[in-house]
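Trainee: Could we go through the salt bridges and the main pocket of this model together?
Mentor: Happy to; let's set each value against its cut-off.

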Amino acid sequence: LDIAMSRWTWIKSVFKLSSRAKIIGTDLQGNVYREEIREGSRPKRTVKMNQNIKGDQYSSETIPPAWTRWLQGLTSAPPTHEELLDREQQAVLLKEKVLQLERKEAEQQAKLQSDKAQISERVKAVDHASSPSFRSEVESREDPISTGKKFQPATWQPGSKQDN
């Protein structure tokens, strides 16, 4: 009788004829979480998705993080609906704060660009080395002073005045 019972237990375990998994809870999307207590090993925790999701449609938001921690065995107690609602409200508030910060940053960038343009205009108006009023008479000539035909390598000496 014991051999027959152990065979039946083995057959049930191989073909999963018996589901000893009990429902632990659900999330806000309607997914059902189960736990099967197994002798000598960790409990087997699974989720039955409310929707038919294929591998390429799965995202990190499909299963709430609190339930993911429970599924992985990081927490022993499953999350409550209140915890899930609080987490969802926190996520909404965080998204709003991020949008506010992005808007503020865009305004600051626009102001910075405007300030840079104003400073650039002021610098051009002042006597600057690149402005026309700063150039000497020789630099502002349009005709060249020399054609360069008289150039002699190594003939120039500092302080000497040669004809151009």
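Mentor: Start with lysine 111, which counts as exposed at 53% relative accessibility. Keep in mind that this is a predicted model.

Trainee: Why is lysine 111 called exposed?

Mentor: Exposed means over 50% relative accessible area, and lysine 111 has 53%, so the label applies.

Trainee: And why does aspartate 115 count as partly exposed?

Mentor: Its relative accessibility is 28%.

Trainee: What makes lysine 111 and aspartate 115 a salt bridge?

Mentor: Their side chains meet at 3.3 Å, N to O. The rule asks for within 4 Å, so the pair qualifies. Both residues lie in helix α3, four residues apart, about one turn of the helix.

Trainee: How do you know that arginine 45 and glutamate 35 meet in a salt bridge?

Mentor: The N to O distance is 2.9 Å, and the limit is 4 Å, so this pair passes too. It links distant parts of the chain, with arginine 45 in strand β3 and glutamate 35 in strand β2.

Trainee: Are arginine 45 and glutamate 35 buried or exposed?

Mentor: Buried means under 20%. Arginine 45 has 17% and glutamate 35 has 11%, so both are buried.

Trainee: Which residues lie nearest the centre of the largest pocket?

Mentor: Glu61, Pro65, Arg87, Glu88 and Ala91, out of 14 lining residues. The pocket's volume is about 450 Å³, and helix α3 gives the largest share of the lining, six residues.

Terms used
Residues numbered from 1 in each chain as written. Predicted model: local features only at pLDDT ≥ 70, side-chain atom pairs only at ≥ 80, totals over all residues. Heavy atoms only, no water. 1 Å grid on protein atoms, 1.4 Å probe; cavity = no way out; pocket = protein on both sides within 12 Å on 5 of 7 lines; lining within 4 Å. Points joined across faces, edges and corners; volume = space filled by probe spheres on them. Helix = DSSP H or I, 4+ residues; strand = E, 2+ residues; numbered from the N terminus. Buried < 20%, exposed > 50% of the residue type's maximum accessible area, 1.4 Å probe, protein only.
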